[in-house]
Amino acid sequence: MQKKKRKMTLATKNAITGYLFILPFIIGFLLFMLIPLFQSLRMSFSDVTVNPTAGGFVMEFVKLSKYNESINIDPEFKILLLENLRGMLVDLPATLIFSFFVALLLNQTFKGRGFVRAIFFMPVILSSGVIVGLEYNNAMLAGMKDVIQETSNSSSITTVLQDMLVTEGSQAGDFFQFIFDLIDHVYDIAIQSGIQIIIFLSGLQTISPSMFEAAKIEGCTAWECFWKITLPMVSSLILVNIIYTIIDYFCRSDNEVMEYISEVTISKMNYGLSSAMSWIYFVCCLLIIGIISLIISKKVYYYE
Amino acid sequence: MSKKTKKWQAFMERNRKSNGYLMRKTIFNIGYKICRAILIFGLCFLIIQPLLNKISLSFMEEQDLYDSTIVSIPRHFTTSGYKLTAQLMKYWKALGTTTYISLLVSIFQVAAATFVGYGFARYKFPFKNFWFFMVILVIIIPPQTIMAPLYLNFTYFDPLGLVSLFTGKPVNLINTMLPYLLLCLGCMGLKSGLYIYLIRQFFRNVPKDIEEAAYVDGCGKFKTFYRIMLPDAKPIITSCFLFAFVWQWTDKFYSQMFLRKYTLLSTSLSGLSDSLDTFLKNAGISEKASMAYSSATVATGTLMTIIPLLIIYVFAQKGFVESLSQSGIKM
């Protein structure tokens, strides 16, 4: 038997090297995420006053009054929040369906496929940061549309259809209203779904063709193939895309709630209030992500 | 008999034999192809239309903007809009600073993310799953949540009381680039978590044999990473770098918070309509720019901001899309 040397085992060595590699993340996470996160949680329960002479800021504990203020007293926050969450729930299925549909289209072979794919992915590059915000302020386009509608004196097919289908009060009318809302901002949905399309596309390309072949020989129609093969095979990616879409929605730079919170922070210098608001928003989003992924993950099918 | 008619006859013969099934199938296929082409064209147009619209607006003279008979092709072609916008945005200076800062920031970000991603993918260590969950958390937490304390912390920068130990009082770092670079090095910059995730995903798929061969040949741990794994990971690193560069280029949130001192394209673009108003006021032309005129100027400014990005995208399109789809995103 060999004498055991008093040396580190390979596993310990590996562990140390592993920790060395992720050290930047640990330091960054502790200093720039965890501490600020706790501070922000503390701020949301207190009245913050900036006091340069005392070397920083003073916090005075005020219990839940900041939360109370942001929901019950602040005139805009509650409305913005509810509207934003509703918008998210509308956009989510629309983005998913749209991106899945486009991915199915792009998965077929036709001339100029690479070019079309490049165009669909372009908004990820171009419509980020400031440019999304500017796009929304483009009142010029809206004005031009009004002018055209007035001068041409004719109504579009969609408005006629909308007049016919949307009747006030009835259930079906609400449903059609929902559809027409979606049609109105199909552009927003199209520019939001670049990454989702790529994710779905990569999933579709990993499905082995032999599966479709076997199904065809057994007499499966294309419609059945879609429901029995394609959809289950990409179902895990649906979950990924749902989470990505939600995160993207509430980290986007033109998010009205976030804009309002920044305004409260920077212009009004009300740090306590803005922290309370962002915590409310964050918890709402976490809840939505949690509930949706709980429901979906039970139906996801993993193929190994 | 020409070749075409021969082919047609053969087709008809086959059609007759299949009881008209071939004909129906061919017609259906052609119809489907036409529908698909129209659909794809429409969707592409939907995405490109705002860009085309901006291009046409940017070449119009002011009088064209009010003329409702002009929709897309300007009657009075001019490039003066570009000159004015360049002057208002301090374009060349802003372009230089933005390029410099975006390069610096994205290099820092991707370097840190590469280390961390490699560590997560290739080593086993205690609490690994916990730390990886933290990475996911970083992706999910919106930076706005921690904005206020972060801002205050950097205004009175004093980690663990070290700075005041040496200088007596905390330093104000908010008007320098240092806070943002520190954030990037600590993987807490703009979308850093996403880069860690992508790079880890890539390294996980590299076969273990390569690494073991290197160890057997006497390569150290760091040398293996540097000499064997890094050259392999070039595509994913390039694409992360491209994303970091492009998103930093248009970022408003971090720039407004940490880089206020610098004239960046994104910040001067978001203040463009205000500076147009001041310019017109100072020149004594009018009190305030009209809605149409300021929109056209903003459109020109947007175009000038994204032209470098468009050029990058045209040349590196593959780098953006391919490596993302190859990285095998799975939950």
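The model is predicted, so local features need pLDDT of at least 70 and side-chain atom pairs count only at pLDDT 80 or more, while totals for chains, interfaces and linings use all residues. Residues are numbered from 1 along each chain as its sequence is written, chains are lettered from A in the order in which they are written, and side-chain values use heavy atoms, with hydrogens and water left out.

**Chain A at a glance**
- Chain A has 15 helices and two strands; helices (H or I, at least four residues) and strands (E, at least two) are DSSP runs, numbered from the N terminus.
- Of its 304 residues, 45% count as buried, where buried means under 20% relative accessible area, exposed over 50%, and partly exposed in between (1.4 Å probe, protein chains only).

**Where the chains touch**
- In chain B, 85 residues are in contact with 83 residues of chain A; contact means heavy atoms within 4.5 Å.
- About 7,900 Å² is buried between the two chains, and carbon and sulfur atoms give 80% of that. This area is the accessible area (1.4 Å probe) that two parts lose on being put together, summed over both.
- Zero salt bridges turn up across this interface; a salt bridge is a side-chain nitrogen of Lys or Arg within 4 Å of a carboxyl oxygen of Asp or Glu.
- On the chain B side, helix α17 (residues 291-326) gives the most, with 15 residues.

**Helix α6 of chain B**
- Helix α6 (residues 128-140) has 13 residues and should span 18 Å at 1.5 Å a residue, which agrees with the 19 Å between its end C-alpha atoms. The expected span is 1.5 Å times one less than the number of residues.
- Its buried residues are B:W131, B:F132, B:M134, B:V135, B:V138 and B:I140.
- What covers them comes from both chains, including α13 (222-251) of chain A and α5 (91-122) of chain B.

**Two salt bridges**
- Over all chains, the structure holds two salt bridges.
- One joins B:E13 and B:R16 (2.8 Å, N to O), and these residues sit three apart in helix α1 (residues 3-17) of chain B. B:E13 is partly exposed at 34% relative accessibility, while B:R16 is exposed at 57%.
- B:R122 and B:E211 form a salt bridge too (3.1 Å, N to O), linking helix α5 to helix α11 (residues 208-216) of chain B across 89 residues. B:R122 is buried at 9%, and B:E211 is buried at 4%.
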